[in-house]
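Good morning, and thank you for joining this group meeting. I shall present one structure, beginning with a single residue and then turning to its sheets and cores.

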Amino acid sequence: MPHETRTTRKATEPRDGTTPSRRTLLGGAALTALAAATGTGTATAAAARRSSPRWPTEFPLPNGFLPEGIAIGREPYAYMGSRANGAIHRTDLRTGVGETLFAGGTGLVAVGLKLDHDGLLYVAGNTGVARTHDSRTGSVVATHQLSEATGHFINDVTLLGDRAWFTDSRAAALYGVPRGGSGAVRTLPLTGDWVQLPDVNNANGVVGTADGRALIVVKSTPGELYKVNVRSGHATRITLIGAPDVVNGDGLYRIGRTLYVVQNRLNVISVFHLNRSSTRATLTGTITDPRFDIPTTAARFANRLYLVNARFTTPQTPETTFTGVAVPI
């Protein structure tokens with residue numbers, strides 16, 4: 001049965017070339033320039049040529065999987081993590097067919113994920129830990145103890161500079177794990193405008209700024225965006241224009257100065273245009289889809305965003321069905 005994705009745009013949407021359009025994303029030369037400017041490496045001209053409208057826009061995950069994170073690299077494969085047991089599942093975006101690379105285990109959790117260019121998959125593990133997996137085999141390469149197991153929720157991760165940066169939804173700190181090798185984990189306390197709220201999820205999704213000098217963190221409760229200096233930990237609240245908040249903000253994805261904020265329980269992706277200093281975010285539109293069932297995080301391949309439905313309001317049993325879905329951008 002056909003589905004309908006609804007995208008709304010405000011009349012004030014910038015026309016300076018920083019907000020991606022379907023034409024821009026499908027143009028090979030423009031896409032190559034965009035990838036070079038943003039440093040994401042997840043959307044290249046070659047990727048756009050390989051993508052096809054015939055590729056499925058919805059695919060199944062194993063029953064009872066309890067997905068939350070999704071990561072996509074240069075190749076058309078999506079990696080998703082399980083809250084149930086830390087399993088890692090990989091789906092071929094060309095066919096929608098998936099396989100479990102890592103079976104997980106008792107006490108393991110996999111939430112936010114990011115795939116590096118060297119094939120290492122960084123996984124937020126909730127209970128004070130993060131893991132690094134080999135994306136080809138799924139095997140665990142390293143386990144990183146970021147904090148105590150209790151009182152912490154290692155939630156999401158992004159790659160910036162020489163570190164993978166992890167958020168902690170229950171503590172006012174970020175953690176930097178050296179990329180691709182050995183080294184000490186760096187704990188970065190959040191200061192400045194940041195006020196940690198008790199007994200709720202605070203820091204959640206995280207991405208780097210367009211200039212690669214800072215991080216953007218969404219605070220799920222009460223729904224705020226912050227720019228964080230990775231040297232000092234000073235957090236500056238980002239002024240929102242056109243939206244009162246980003247409540248239930250979960251995963252973040254950035255293309256140039258366009259920021260996509262997945263607001264999970266609202267079943268919506270809010271699209272913002274960032275100013276050059278990433279201190280102001282102007283709402284330019286929203287993306288909704290009837291197939292959304294509490295999407296949590298997003299990853300991009302070519303001219304699509306792929307999301308996983310966590311279905312938080314549905315009984316989470318071994319028989320519960322889960323899907324990943326794609327929407328055009």
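This is a predicted model: local features need pLDDT of at least 70, side-chain atom pairs count only at pLDDT 80 or more; totals for chains, interfaces and linings use all residues.

In which strand is Ala 164 found? Ala 164 is found in strand β12, residues 163-168; helices (H or I, at least four residues) and strands (E, at least two) are DSSP runs, numbered from the N terminus.

Residues are numbered from 1 along each chain as its sequence is written, and side-chain values use heavy atoms, with hydrogens and water left out.

Is Ala 164 buried or exposed? With a relative accessibility of 0%, Ala 164 is buried; buried means under 20% relative accessible area, exposed over 50%, and partly exposed in between, with a 1.4 Å probe and protein chains only. Leaving out residues up to four places away in sequence, Ala 164 touches Tyr 122, Val 157, Thr 158, Leu 159, Tyr 175, Gly 176, Val 177 and Arg 179, where contact means heavy atoms within 4.5 Å. Its C-alpha atom is also 8.5 Å from that of Lys 114, a residue 50 places away along the chain.

Let us turn to strand β17, residues 214-219. All 6 of its 6 residues are buried, so this strand is largely enclosed by the rest of the structure. Ala 214, Ile 216 and Val 218 cover one face, while Leu 215, Val 217 and Lys 219 are on the other. Two strands pair if DSSP finds at least two bridges between them. Strand β16, residues 203-208, runs antiparallel to β17 and is joined to it by 4 bridges; here Val 207 stands opposite Ile 216. The hairpin of β16 and β17 has 5 residues between the strands, and in it Gly 212 takes a positive phi near 75 degrees. To strand β18, residues 224-229, β17 is joined by 6 bridges, again antiparallel, with Val 218 opposite Leu 225. This second hairpin has 4 residues between its strands, and Gly 223 in the turn has a positive phi of about 105 degrees.

Lys 219 has one further feature: it lies over the face of Trp 194, at 4.9 Å from the ring centre. A charge sits over a ring if NZ of Lys or CZ of Arg is within 6 Å of the ring centre and within 35 degrees of the ring normal. Arg 90 likewise lies over the face of Tyr 77, at 5.4 Å from the ring centre.

In what order do the 4 strands of its open sheet stand? The order is β3-β4-β5-β6, with antiparallel pairing. At the edges are β3 and β6, each with a single partner strand, so one side of each has no neighbour in the sheet. Strands β5 (residues 88-92) and β6 are paired over 4 bridges, and the bridge partner of Arg 90 in β6 is Glu 99.

Another open sheet has 4 antiparallel strands in the order β7-β8-β9-β10. Its edge strands, β7 (113-115) and β10 (140-145), each pair on one side only. Strand β9, residues 129-134, is joined to β10 by 5 bridges, and Arg 131 has Thr 143 as its bridge partner in β10.

Finally, the cores. A nonpolar core is a set of buried Ala, Val, Leu, Ile, Met, Phe, Trp, Tyr and Cys residues joined through side-chain atoms within 4.5 Å. The largest has 18 residues, of which Leu 61, Ile 70, Ile 72, Met 80, Leu 93, Phe 301 and Tyr 306 touch the most other members. Strands β2, β3, β4, β25, β26 and β27 each supply at least two of its residues. Apart from it lies another core, of 16 residues, including Leu 120, Leu 146, Phe 153 and Tyr 175.

Phe 301 is buried, with a relative accessible area of 1%, and Trp 55 is buried at 10%. Their ring centres are 6.0 Å apart and their planes at 25 degrees, so the pair is stacked. For this, rings of Phe, Tyr and Trp (its six-membered ring) pair if their centres lie within 6.5 Å; planes under 30 degrees apart count as stacked, over 60 as edge-to-face and the rest as tilted. Trp 55 lies in the loop between α3 and β2, and Phe 301 in β25, so the pair ties together parts 246 residues apart in sequence.
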